[in-house]
Amino acid sequence: VVGGHHATALPEAVLRAPAVDYVVCGEGETALVALANVLKQGGDPLVIPGVGGRRPDGTVQLPVGTAIADLDQCRPPAMDLIDERFYRRRRKRSLVLTTSRGCPFACSYCCMTREGPLPYRRRAVASVLAELDAGAASEGPPLGFIDFEDENLALDKAWFHDLLTGMENRFRPPRPELRAMNGLFPPSLDAA
């Protein structure tokens, strides 16, 4: 089973690989669980929204990507299943957060554009801060850095300001280092 950006953008090409039985296009939180259950019960996986694969006659059924309408309804990641010792820096813990999905732009080089299969959606600041609180409260060394895995983290300046204010109110100096590993959209940044 293959998912992610590549499978969403090019499901037919991915299914040409003999080792690939199914692709999950779009956001797989629901489709992947449904796929596992259907395979366990011996049902037809190709009826699941977002799942594509080969039919018994060898033809390929391509899926339509699925998207979660309200990201705030997603359960937070099961961070207790991760051995955080592998993700430390200078003996401090890290936390990875995603605050949005999709993209409002139409860049020619990207498969996740506004014309792509996933609409742009952003989580509420309160939802992001609740996930941050849960991650910061985990046992172990102090939180050393927070990695935001968003291309458009600072796109909505008022939203971003509210997020940074909420974070500032939660941490005393020395505060965790903030990172935007996927980069930031330069026109969204200013001195304020």
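This is a predicted model: local features need pLDDT of at least 70, side-chain atom pairs count only at pLDDT 80 or more; totals for chains, interfaces and linings use all residues.
**Entry 1: D72**

I looked up where D72 sits, and found it in the loop between β3 (60-61) and β4 (93-97). Its relative accessible area is 28%, so I noted D72 as partly exposed. Leaving out residues up to four places away in sequence, I listed R123, A124 and S127 as what D72 touches. With S127 there is also a polar contact of 3.1 Å between the side chains. I then checked A126: D72 and A126 are 54 residues apart in sequence, and their C-alpha atoms are 9.1 Å apart in space.

**Entry 2: E27 and R101**

I turned to salt bridges and got a count of ten. One of them joins the side chains of E27 and R101, at 3.5 Å from N to O. The two residues come from distant parts of the chain, 74 residues apart: E27 is in the loop between β1 (22-24) and α3 (28-41), and R101 is in strand β5 (residues 100-101). Is E27 buried or exposed? E27 has a relative accessible area of 7%, which is under the 20% cut-off, so I wrote it down as buried. R101, at 24%, is partly exposed.

**Entry 3: R89 and E177**

I next looked up the salt bridge between the side chains of R89 and E177, which is 3.1 Å from N to O. R89 lies in the loop between β3 and β4 and E177 in strand β8 (residues 177-179), so this pair ties together parts 88 residues apart in sequence. R89 is partly exposed at 29%, and E177 is partly exposed at 33%. E177 also forms a salt bridge with the side chain of R179, again with 3.1 Å from N to O.

Conventions. Residues are numbered from 1 along each chain as its sequence is written. Side-chain values use heavy atoms; hydrogens and water are left out. Helices (H or I, at least four residues) and strands (E, at least two) are DSSP runs, numbered from the N terminus. Buried means under 20% relative accessible area, exposed over 50%, partly exposed in between (1.4 Å probe, protein chains only). Contact means heavy atoms within 4.5 Å. A polar contact is a pair of N or O atoms within 3.5 Å; within protein, one must be able to donate a hydrogen and the other to accept it, and residues adjacent in sequence count only if both atoms are side-chain atoms. A salt bridge is a side-chain nitrogen of Lys or Arg within 4 Å of a carboxyl oxygen of Asp or Glu.
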